[in-house]
Amino acid sequence: MAEEKNINTEDIEVSGENNEANDSCDIPETDSGKKNKKESKADAKKMKAELDETKKKLEEETKRADEINDKYLRIVAEYDNFRKRSQNERAQVYGDAVADTLAGLLPIIDNLQYASKYSGGDAEKVAEGLNLILSKLPETLEKLSITAFGEAGETFDPNLHNAILHEENDELGEGVITDVLQCGYKYKEKVIRYAMVKVAN
């Protein structure tokens with residue numbers, strides 16, 4: 001029995017020595033381990049290169065976006081300036097048109113005032129003055145590119161006339177204007193006021 005115990009103890013000691021030997025020795029690095037480290041380094045370099053490329057592209061796109069934004073802001077500012085200039089020009093053109101129209105009508109206004117002031121209440125002088133003023137009116141309107149239209153005998157045109165009265169007349173054809181209650185006026189080809197007329201049949 002005693003001998004068996006000694007054998008077991010030796011076996012245990014030998015086993016312990018082997019364990020220490022195993023603990024103290026380093027495991028040699030295999031070829032696959034070296035390969036993995038090289039691949040990891042290569043992957044890291046590749047990822048860094050991709051990251052640098054992405055950063056570079058991002059900087060370029062940011063710069064491009066800033067340039068586009070700058071162009072957009074310039075266009076907006078130019079459009080706003082153009083809009084303001086256009087408004088000012090329209091206001092000026094309208095003002096000039098009103099001034100030109102008034103300048104053309106002033107002689108007529110002056111003549112009406114003279115007729116009223118110097119007629120002395122004489123009906124014949126007033127009528128004579130008014131006829132003289134009216135005779136000059138077409139010339140004044142023509143200078144302003146304004147023409148009067150609407151005369152008895154013309155054919156009714158819905159683009160120019162407003163028929164407010166109607167009469168049956170066998171001597172006249174269909175749609176003939178028999179009387180003009182109010183003249184119409186055009187500025188060039190634009191109708192300013194339609195003529196109010198009486199139409200036959």
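Me: Start with Lys-188. Is Lys-188 buried or exposed?

Reply: Lys-188 is exposed, with a relative accessible area of 52%. Keep in mind that this is a predicted model.

Me: Which cut-off makes that "exposed"?

Reply: Exposed means over 50% relative accessible area. Lys-188 has 52%, so it counts as exposed.

Me: Where is Lys-188 found?

Reply: In the loop between β4 and β5. Those two strands form a hairpin, with 2 residues between them.

Me: And what about phi of Lys-188?

Reply: Phi is near 55° there, a positive value in a residue other than glycine.

Me: Which other residue has a positive phi although it is not a glycine?

Reply: Asn-201 has one, of about 55°. Asn-201 sits in the segment after β6.

Me: Buried or exposed, that Asn-201?

Reply: Buried, with a relative accessible area of 18%. The limit for buried is under 20%, so Asn-201 makes it.

Me: How much of the protein chain is buried?

Reply: Buried residues make up 12% of the 201 residues.

Me: OK, zoom out. How many helices and strands are there?

Reply: The protein chain has 3 helices and 6 strands.

Me: In what order do the elements run?

Reply: From the N terminus on, α-α-α-β-β-β-β-β-β.

Me: Which residues of β4 are on the covered face, and which on the uncovered one?

Reply: Gly-184 and Lys-186 make up the covered face of β4. Tyr-185 and Tyr-187 make up the uncovered one.

Me: New topic: charges. How many salt bridges does a search of the whole structure find?

Reply: The search finds 6 salt bridges. Side chains of opposite charge can pair when their charged atoms come close.

Me: Take Arg-83. With which residue does Arg-83 form a salt bridge?

Reply: With Asp-80. The closest N and O atoms are 2.6 Å apart.

Me: Where do Arg-83 and Asp-80 lie relative to each other?

Reply: They are 3 residues apart in helix α2 (residues 31-118), so about one helical turn separates them.

Me: How accessible are they?

Reply: Arg-83 is partly exposed at 34% relative accessible area. Asp-80 is partly exposed too, at 26%.

Me: What do the three residues make together?

Reply: A network of salt bridges that links Asp-80, Arg-83 and Lys-84.

Me: Now the strands. What about Glu-167 and Lys-198?

Reply: Their side chains meet in a salt bridge, 3.8 Å from N to O. This pair links distant parts of the chain, 31 residues apart. Glu-167 is in strand β2 (residues 161-167), and Lys-198 is in strand β6 (residues 195-200).

Me: And their accessibility?

Reply: Glu-167 is partly exposed at 22%. Lys-198 is partly exposed at 25%.

Me: Last one. Which residues form the negative surface patch?

Reply: Glu-168, Asp-170, Glu-171 and Glu-174.

Me: Where is the place of Glu-168?

Reply: In the loop between β2 and β3 (177-182). Glu-168 is exposed, with a relative accessible area of 63%.

Notes: Residues are numbered from 1 along each chain as its sequence is written. This is a predicted model: local features need pLDDT of at least 70, side-chain atom pairs count only at pLDDT 80 or more; totals for chains, interfaces and linings use all residues. Side-chain values use heavy atoms; hydrogens and water are left out. A salt bridge is a side-chain nitrogen of Lys or Arg within 4 Å of a carboxyl oxygen of Asp or Glu. Helices (H or I, at least four residues) and strands (E, at least two) are DSSP runs, numbered from the N terminus. Buried means under 20% relative accessible area, exposed over 50%, partly exposed in between (1.4 Å probe, protein chains only). Patches are made of residues with over 30% relative accessible area and no salt bridge: like charges are joined within 9 Å, nonpolar side chains (Val, Leu, Ile, Met, Phe, Trp, Tyr) within 5 Å. Accessible areas come from the Shrake-Rupley method with a 1.4 Å probe; for residues, only the protein chains shown count as cover. Lys and Arg count as positive and Asp and Glu as negative; His and the chain ends are not counted. The place of a charge is taken as NZ of Lys, CZ of Arg, CG of Asp or CD of Glu. Two strands pair if DSSP finds at least two bridges between them.
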